[in-house]
Amino acid sequence: MRWLLLAGVAAPGIAMAEPPEPQSGAVSEVVVTAEKREEPLQQAPLSVTAIPGQTLEMQHAVDLEDWAGYVPGLVLGDAGAPGETFLAVDGIGPIGSASEVGVYIGDTPVGSSSSFEGANGFTMDLMPYDLQRVEVLRGPQGTLYGASTMGGLIKYVLAAPDPTHFSGQIGGDLFGVDHASDPGGGVRGEANVPLVNDALALRISGYDENTPGYIDDATTGQKDDNALKQYGGHAALLWQVTSDFSAQVSALYQHSHADNQSFVALGFTTQQPIAGPYSNINARPEPFTQELQLYDLTLNWNLHWAQLTSVSSYQQFDNNTVEDLTDYLGGPAGGLLGELGAPVNNQSEFDERYGLKKFTQELRLASPDGQKLEWLVGGYYTREDASNHEVFDGYNTGGALLNPLEAVNLPSLYQEYAFFGDLTYHFTDWFDLTGGVRYAHNNQSFVETEGGSLLGSSPPTAPVLTVPGSSSEGVTTYSVAPELHLTKDVMAYARIASGYQPGGPNLVLPGVTGVPTQFGSSQLTDYQVGLKSTLLDGRATLDISAFYIDWTKVQVSVLIRNTSVIENAGKARSEGFDFSGTYSPIHGLVLGANLSYADAVLTDAVPSIGAASGARLPYVPLWSGSLTADYSVPISGPWRGFIGGGYRFTGSRYSDVEGSIVSGQLQGIEAGADNVLDLHLGARTQDLTLTLFAKNLTNEHAYLPPADYFYSALDAPIDIKAPVMQPLTIGVSVDKSF
């Protein structure tokens with residue numbers, strides 16, 4: 001450890017509710033909007049977890065990796081930086097190019113619906129600050145949320161303006177990371193300002209967080225080369241025009257930049273570090289940048305016989321990454337570039353720039369709550385204009401070669417319209433039945449151009465190949481959910497629901513035959529039963545669900561006649577259970593536990609990737625779970641002390657479909673299990689909080705998926721690029737409210 005500051009907040013173990021009030025042993029009730037209506041978490045007839053924003057702030061969570069391990073059924077792969085994240089829920093994870101798990105901010109989907117933007121690996125990793133809560137929905141959500149939510153979704157619910165009172169908060173933190181030479185830290189602030197009492201309010205927030213690098217580059221000698229900077233803000237203006245009509249406009253911005261990705265180079269056969277436990281061997285930097293601009297307008301009109309809601313949004317979502325390909329294309333011996341006439345000791349890199357401009361409009365009409373028959377109907381439209389720019393560049397000691405060596409531009413258009421409806425009939429006080437259906441239709445098109453000096457372009461930027469493609473498809477999804485209220489505090493439910501991942505057009509090069517021009521949507525059906533209970537006069541909660549998921553037309557990326565395409569490759573299934581519970585044995589103490597089991601495998605062999613029936617699906621451990629504890633007690637005058645911690649376990653999982661082979665090259669290693677301990681303690685008054693935190697307290701050295709084999713263009717094995725978990729982090733945090 002080069003620099004370590006003892007201090008800070010950390011992971012209080014995410015019990016699924018906020019710490020109890022000092023005078024009550026009851027666990028606080030959490031309200032969710034998973035079904036696009038407000039309802040208590042324990043009364044929602046589906047598998048969902050809600051994490052209050054206060055809990056995430058106490059945890060000093062700055063990205064998904066800090067809190068995902070405390071949510072049953074949710075696992076992730078980290079490709080080296082926040083935002084380069086793969087998500088899997090209840091065994092349904094990334095295999096193709098489009099996303100299987102959706103991300104929403106409020107009622108707005110973030111990211112692309114198509115397969116041309118790398119959506120399964122570029123996830124909006126929102127800095128969890130000034131949030132009301134995060135909801136994680138498990139199982140397909142195709143009826144109410146539509147495309148690319150067939151595994152589930154993560155929904156960030158932002159804190160809303162309040163026109164009744166003024167409030168504000170400022171804070172900061174200072175921390176150290178093992179193996180980092182410099183400290184990290186950040187500042188943050190938020191304010192809620194009533195402009196017209198009870199009618200108009202503005203809420204603003206902002207943050208700037210810097211995490212020091214801890215990965216060294218053994219090739220260049222650069223130390224701590226993976227420093228991370230995150231900054232952004234949110235502003236929302238709420239106008240309560242009348243008691244029945246309100247309008248809220250908001251803008252959100254987030255920028256995240258990693259100087260290099262958090263990879264460690266492992267030996268190809270030994271799977272041990274080549275240059276050190278926190279060292280890579282890159283010749284060129286591998287930065288990653290993610291930027292989101294999101295603007296939305298929400299109108300709510302109480303018609304008394306129904307609630308009319310309109311949500312309009314526009315977003316620009318950019319993901320830029322650079323990969324060092326020196327050992328792939330060239331290197332000291334010249335490699336492929338050397339065979340093509342480039343000098344030895346050449347270097348090369350692959351620059352990927354994905355840009356998305358997306359408009360969405362949703363209009364829905366919902367009946368009042370509490371009726372015998374409750375209903376919701378709506379319509380949805382989206383237009384996504386996307387750019388995909390990929391460039392191979394080469395360099396030698398004299399500077400750049402004749403660049404670009406190869407350049408690919410793939411602008412695409414995705415348009416979708418959908419209609420959906422949902423009904424709940426309360427037959428008796430103890431039996432309800434909910435059903436829903438959605439029809440969605442999408443049209444997609446692209447025009448790919450290729451050029452570059454290696455393809456004979458003159459000049460190198462001129463295209464030598466132009467390939468168009470298009471597709472059109474309609475999909476129907478549904479859900480049925482009976483629920484039994486055994487007592488006022490115990491509910492049992494069953495749920496059958498379907499979801500889908502859009503299909504799309506394939507790139508078919510001129511003269512190439514045997515390649516499908518279009519791949520179909522991937523679809524699944526989830527059969528789920530669950531039990532939710534509030535026990536011991538509100539001091540305990542229990543949520544358990546079991547699932548069987550049948551996945552058909554699984555999308556996989558394959559090479560057919562040296563052309564990269566997507567095919568529908570048969571079937572898979574996932575079966576298991578999720579358990580979560582909280583218990584407050586005494587005033588001020590909340591204990592939490594989560595446990596998940598998911599057996600997710602192919603049920604058909606996929607010859608095109610060499611995977612056998614029974615092969616495990618990527619990113620999914622058989623077992624995962626967590627334990628949490630939080631305790632708060634009076635210490636002196638207005639001061640209360642608190643202490644808490646969390647333990648999270650994730651079993652071994654693969655970085656690709658188990659045993660898969662592409663062009664004779666083995667894909668994806670099995671990442672080992674990891675055990676992580678987080679801790680926090682501190683003291684607070686009504687307006688001041690002081691916290692000491694530690695994340696990864698035992699300094700677990702874990703390699704994460706998508707750790708993968710790296711080959712040269714001439715098929716020579718090079719190394720394994722393995723993302724590594726952030727080492728022991730200790731810090732202090734101070735927050736002042738007013």
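Colleague: What should I know before I start?

Modeller: The model is predicted: local features need pLDDT of at least 70, side-chain atom pairs count only at pLDDT 80 or more, and totals for chains, interfaces and linings use all residues. Residues are numbered from 1 along each chain as its sequence is written, and side-chain values use heavy atoms, with hydrogens and water left out.

Colleague: Is Thr143 buried or exposed?

Modeller: Buried means under 20% relative accessible area, exposed over 50%, partly exposed in between (1.4 Å probe, protein chains only). Thr143 has 5% relative accessibility, so Thr143 counts as buried. Thr143 sits in the loop between β8 (131–138) and β9 (152–158). Strands are DSSP runs of E, at least two residues, numbered from the N terminus.

Colleague: Which residues is Thr143 in contact with, leaving aside neighbours within four places in sequence?

Modeller: Contact means heavy atoms within 4.5 Å. For Thr143 the partners include Phe420, Val437 and Tyr478.

Colleague: How far apart are Phe263 and Pro723 in sequence and in space?

Modeller: They are 460 residues apart in sequence, but 4.3 Å apart in space, C-alpha to C-alpha. Phe263 lies in strand β16 (residues 263–266). Phe263 is buried, at 13% relative accessible area.

Colleague: Which residues form the nonpolar patch on the surface?

Modeller: Among them are Leu373, Val437, Tyr478 and Tyr548. The elements giving two or more residues are β24 (412–426), β25 (431–451) and β26 (463–487). Tyr548 lies in strand β31 (residues 540–552). Nonpolar side chains (Val, Leu, Ile, Met, Phe, Trp, Tyr) are joined within 5 Å, like charges within 9 Å. Tyr548, at 36% relative accessibility, counts as partly exposed.

Definitions and conventions:
Patch = residues over 30% accessible without salt bridge, like charges linked within 9 Å, V, L, I, M, F, W, Y side chains within 5 Å. Areas by Shrake-Rupley, 256 points an atom, 1.4 Å probe, with all protein chains shown as cover. Salt bridge = Lys/Arg side-chain N within 4 Å of Asp/Glu carboxyl O. Helix = DSSP H or I, 4+ residues; strand = E, 2+ residues; numbered from the N terminus.
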